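Please open the model in your viewer and keep the selection tool at hand. The tour below goes from stop to stop, saying at each what to select and what is there.

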Amino acid sequence: MTPTTPTSSSSPTPSVPFHDEAVMGFGMSVGGQAKVARPTTVEQVADVFAGLRRDGGSLALRGAGCSYGDASNNNHGRVLDLTAMNRILSFDSQTGIAQCEPGVTVRDLWRRSIASGYWPRVVSGTMAVSMGGAAAMNIHGKNNFALGSFGECVRSFELMTPAGEIVKCSRETEPELFHAAISGFGMLGCFTKLEIQTKRVYSGRLRVYGIVARDIEHNLEILEDMCGEADYLVSWVDLQAKGKSLGRGLMHRADQMKPGEDPDGLRYFDPSLQDVPPNLFGVVPKSWLWPGMWCAVHMKQVALVNWLKFRAGFREERHSPYLQTHGAFHFLLDYVPRWHWMTKPGGLIQFQPFIPKNEGARVLRTLIEMCQKSGHVPYLGVLKKHRPDPFLMTHAVDGYSMAMDIAVSKNKSRRESLWRLCQEMAEVVLAAGGRFYYAKDAVLLESSFARVHGDETTKKFRALKEKWDPQRMLQTDLSRRLGV
Ligand SMILES: Cc1cc2nc3c(=O)[nH]c(=O)nc-3n(C[C@H](O)[C@H](O)[C@H](O)COP(=O)(O)OP(=O)(O)OC[C@H]3O[C@@H](n4cnc5c(N)ncnc54)[C@H](O)[C@@H]3O)c2cc1C
C-alpha cells in the first residue's frame with residue numbers, strides 16, 4: 001500500500017499551539033513539565049510532525065492519560081494529546097462496526113453502540129480510555145481468556161508515521177505494521193482513525209456471580225474451572241491476608257444473556273441506564289468519597305477495609321446470581337470519581353506481572369509474600385486469566401496477571417525501597433518466563449526490555465522503529481527508560 005500524505009483543503013491548516021503543562025501518569029507518581037498540543041484534525045497532526053522533522057525534538061503521543069506510569073509522558077519534551085480528535089465517524093447498526101478518531105473513548109463507543117444492541121468486545125476497568133491508547137497498549141478486559149485483546153477487535157487503522165504519511169493497515173494490508181503498531185506503545189506512528197468491531201448483546205444486563213476464594217490456589221482453581229463457560233472472570237484479591245488465607249478474594253463471574261433470556265434487560269439499551277450514577281443512594285455526590293478513602297490509606301486501615309470486603313463476599317455469594325448492567329460490572333473503578341487521589345500526595349504505582357500458567361501459584365505466592373515482608377503491601381489486587389495474542393510487543397501469556405496497586409510515599413527512602421522491591425519482584429517474574437504490561441509500569445529497568453520480549457522480537461521491533469521513525473521522534477519517558 002502506498003502511503004498517502006494528507007492534504008489540507010483550500011485554506012492552509014493553522015498550526016496547533018503548544019502550551020507548558022504538567023503531564024503526569026494516572027498514578028500521579030511520575031511525570032513532569034512538557035509542551036502540550038491538542039490537534040483537532042489529521043492535518044494538524046501532520047503539521048506537528050513536519051515541525052519536528054524541521055526543528056528536531058521528541059514527541060510523545062497521548063490519549064486520555066490513563067496509563068499509570070510514564071507511557072505517555074515526555075518530561076521536558078513535547079506531547080501530542082489526541083483527546084480532541086474524538087468523533088465517531090460512523091457506526092453500522094447492522095454489523096456493529098465503528099469508525100473512530102483516536103480520541104474517542106470507551107465510554108463514547110459503548111454509549112453509541114448499546115443503543116443498537118452492541119457492546120465493545122474489550123473494555124478496560126475505566127471507560128475513560130481512548131481508542132488510540134487502547135490500541136497502542138493492546139488493552140485487555142475481564143474476558144481476555146475468551147475474546148483476547150483489544151487489537152483483536154481492531155479491523156483496520158490509519159497510522160500517520162513521523163514522515164507525515166498515512167499508512168492504511170489491516171491484517172491483509174501492511175500486516176507487519178498492523179501487528180506492531182497495536183501493542184507498540186506509540187513508538188511507530190499516530191493512529192488517526194480506527195475501525196473497531198463491537199459485539200452483539202441481547203440484554204443491557206449481565207448475570208453475575210460472586211464466589212469466595214479461600215486463598216491464591218483456590219482463586220486460580222476457580223479461574224480454570226469456569227473459563228470454559230464464563231464470559232467474564234475477575235477476582236478482587238485481599239493482598240493483606242497472610243498465612244493460610246494468603247491470596248484470598250472474591251471472584252466475579254459474569255455471563256451474557258442469550259436471545260430472549262432477559263426481555264426486561266432490553267430497556268437497559270438506554271445509555272443513561274448503563275452509566276455509573278453520580279450520587280450514592282441518590283443523594284451523596286460520589287466525588288465526596290475519596291477523602292474517606294484517603295483516611296483509610298493514611299490511617300493504615302486498609303487491612304480492616306479488605307477484611308470487611310472479604311466478609312461481605314459471603315453474603316454476595318449467597319445472593320448470587322444477580323443482574324447487573326454492563327456499565328456497572330465493567331467500570332467499578334469509575335464509581336468513585338478521583339479515587340486515586342486517596343494516595344496523594346505521593347500517588348500510586350501499579351505493578352502488573354503476567355505469569356505463565358504452570359508458574360502461577362508459586363510466583364503469585366512469592367510476590368505477595370515479598371510485598372508483605374517489605375511493608376509495601378498493595379491496597380488492591382486484581383487477578384485475571386489471559387491467553388496469548390498475535391501482536392509483536394504483546395504482554396499476554398497463557399496464564400494469569402495480578403494488578404497490584406501500591407501507594408507511593410513522599411519520603412525519598414521509602415519511595416526508593418518500593419522501586420527496589422518492584423525490581424526484585426520483576427526478577428522473579430522474568431525468571432519464570434513472565435512479562436510486563438507497559439500501561440502499568442513505572443519501574444522496569446532497561447535490561448528487562450529484551451527479557452520481556454525475547455531477543456528476536458526486540459530486534460524486529462527496533463528494525464521497525466528504524467524504518468518508520470529513523471529520526472527517533474516518537475519518545476516517551478517509558479521508551480527512554482527501557483532504552484527502546
Ligand atoms: C482505573 C483504570 C483501570 C484500568 N483498567 C485496565 C484494564 O482493565 N485493562 C487494561 O488493559 N488496561 C487498563 N488500564 C490501563 C489503560 O487501559 C491503558 O493505560 C490505556 O493505554 C490507556 O489509554 P489512554 O487513552 O489513556 O492512553 P495513554 O495512557 O495516554 O497512552 C497509552 C499509550 O498509547 C500511546 N498512544 C495514545 N494515543 C495514541 C495514538 N493516537 N496513536 C498511537 N499511540 C497512541 C501513548 O504514546 C502511550 O504509549 C486501566 C487504567 C486505569 C486508570
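Predicted model: local features only at pLDDT ≥ 70, side-chain atom pairs only at ≥ 80, totals over all residues.

Residues are numbered from 1 along each chain as its sequence is written.

**The ligand and its shell**

Select the ligand first, together with the 33 residues that surround it, of which the closest are Gly63, Gly125, Gly132, Gly133 and Gly186; a residue is near a molecule if its C-beta atom, placed from the backbone, lies within 6 Å of it. Next colour helix H3 (131–137), which gives five residues, the largest share of this shell. Helices (H or I, at least four residues) and strands (E, at least two) are DSSP runs, numbered from the N terminus. Strand S10 (190–200) and S3 also supply at least two shell residues each, as does H3. If you colour by domain, with bounds from an automatic or database domain assignment, you will find at least three shell residues in each of domain 1 (19–82 + 463–481) and domain 2 (88–200).

**Helix H2**

Now select residues 106–114, which form helix H2, and pick out its buried residues, Val106, Arg107, Leu109, Trp110, Ser113 and Ile114. Looking down the axis of H2, you see these buried residues within an arc of 160°, so they line one face of the helix; the arc is that of the directions from the helix axis to the C-beta atoms. A residue is buried if 20 or more other C-beta atoms lie within 10 Å of its own, exposed if 12 or fewer, and partly exposed in between, with C-beta atoms placed from the backbone. Among the elements that cover these residues are strand S5 (88–92), strand S6 (97–100), S10 and helix H7 (271–274), where contact is counted for C-beta atoms, placed from the backbone, that lie within 7 Å.

**Backbone details in the loops**

Histidine 76 counts as exposed because it has 11 C-beta neighbours inside 10 Å.

Then select proline 321, in the loop between helix H9 (302–318) and strand S16 (322–325), and look at the cis peptide bond that joins it to serine 320, with omega about 0°.

Finish in the loop between helix H10 (326–330) and strand S17 (348–351), which holds proline 345, joined to lysine 344 by a cis peptide bond with omega about 10°. Arginine 338 is also in the loop between H10 and S17, and its phi is positive, about 60°, although it is not a glycine.

Terms used:
Contact = placed C-beta atoms within 7 Å.
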